[in-house]
Amino acid sequence: LINMLHPKKVRKADVVRIELHKRDNEVLSQILTNNVDSLEMFNMKKMTRANRMIYDNFKMLRGRVESMDKEERLVFLDYLIEKVYMLVCVPESPSIARSLVLAQGKGKDNEPIDDFKGLVCFRYTSNEKEMYKTFDRWDELAAISDIDNRSVGRQTISDACLLRATAELRSKVRKRDEIYALERWLRTYLLGKDGEGQEGNAFFKKKIEPASLKLGQYREGAFNLFGFYAASKGNAHWDSITMRLHFLREMTNNVAATKEVEAVILELLLRANGSEGGISGKAMSLSNLDAYLHKVEQLALWVAVTKTASAKRTLKIFEFLDAIEEEEKEGGDASKIEAISQEDKSSLREALVVSEFGATASGKKIAIALLKRLNAFVLAQKGSASGESINTSGDAYLEFILPKKASKKAWGNEWPDKEEQAQWINKLGNFALISNKATARESNMSFSEKKERLSKEVYSLTLDVAKMDTWDSDNLVKRLAAIVGLIDQIWGL
């Protein structure tokens, strides 16, 4: 607290942030400058009433705090954080005030991550040199995203901290409680075995920085920057890991419901780097990483497609994290644990068949991610590529093979019944991936005209559609069955 109120180095000049009128400020100035022992020399009877009241209150507070044990002091600190507000800065002039306002986003309140930065760099770091060193490193990490130069941006740091706090505390962090959860994560580490004797600067190096970098690399698709990439060269599991990460990235970047799954993904990436993530023990093997990611794919798909309630999916994530931790302690055999139950897999399989993916924006994004994953799998099975090229080939778009505005002239023979059209038009079997967005005219063409365009695509499953003579309900159902068959092959539903 002393370091917050009266830092020894603030723009190379001491600053006392709270002052009273000169004659009433004698006791308070000694307290804020940590000259408490000198108060015993004061003749309180000759002091002003304000000075005497401050002195009496300070003695009472000091006595109460000194009588507390460590846990009681932490509870008291929590109370102060939540209930007590302090005036931190009164600018000397309007020009300084204006500069502060402009620097803080025109007077907007700080985000929780900004308050957490202050806690880590200053409140929980006692050495002044380390305070500013950590502060500078945080600023470098928070600079405009440039993954190659180890900067990820402020938002990614915030997301990484919240994901790690959620995972390590096994508690969902609510918006209004973010700063308290983040501080609890910090204190849990510092009071635990791994953080014993350490401070905020060590917490930044071991927890915040590696987690932020891994999350940034994952979100940008820069998998070659992972610490374990060098060891993966020539490893049979790397191509599979890459395909899985591309699919998960597509899902978590575009489907809001799957964002929580990033907590598991980040946990696995940190474990794969071993001590780099601040997790004790040796690095997770690539074979286990591949097997765990296989189960995370199932989890992400289940969350996205079955539209599971938030509380239930959070519980699944925590149970899976518990299982990973226990299994890794025992030597790590990823095949022994599951992310979702057999009942969940059955409900997912059914949802894949009956869901109307084309009816909503999120549904279309799920369909694109899923079809890209299936195409990558088919390509890898053929042995013509690693699977990475198909995942990183740029944007993909969804083509409704039977268009939403199907004219009677173009589609009347294959689809004479409007009710049957409505039943199938938004189903997974009616979609094909295309590399360039089709015009309205191209989308509404007859199948004989459309298949010529589809035959020039790079996606294997789209080329299969182009080989068909007609597109009617029978062929749509066959294609849907083929897609579900591929899903079974990959994820064993």
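Predicted model: local features only at pLDDT ≥ 70, side-chain atom pairs only at ≥ 80, totals over all residues.

User: Where does N426 sit?
Analyst: N426 is in the loop that runs between helix 20 (418–424) and strand 2 (431–434).

User: Is N426 buried or exposed?
Analyst: N426 is buried, because its relative accessibility is 9% and the cut-off for buried is under 20%.

User: Which residues does N426 contact, leaving aside its neighbours within four places in sequence?
Analyst: With those neighbours set aside, N426 contacts S355, E356, F357, G358 and A359, together with F400, K404 and F431.

User: Changing topic, where is R23 found?
Analyst: R23 belongs to the loop between helix 1 (2–5) and helix 2 (26–32).

User: And is R23 buried or exposed?
Analyst: R23 has a relative accessibility of 58%, so R23 counts as exposed; the cut-off for that class is over 50%.

User: How far apart are the C-alpha atoms of R23 and M47?
Analyst: Their separation is 8.6 Å, and R23 and M47 are 24 residues apart along the chain.

User: Now the cysteines. How many disulfides does the structure hold?
Analyst: The structure holds zero disulfides.

User: Is C121 buried or exposed? And what about C161?
Analyst: C121 is buried, as its relative accessible area is 0%. C161 also counts as buried, at 1% relative accessibility.

Definitions and conventions
Residues numbered from 1 in each chain as written. Heavy atoms only, no water. Helix = DSSP H or I, 4+ residues; strand = E, 2+ residues; numbered from the N terminus. Buried < 20%, exposed > 50% of the residue type's maximum accessible area, 1.4 Å probe, protein only. Contact = heavy atoms within 4.5 Å. Disulfide = S-S within 2.5 Å.
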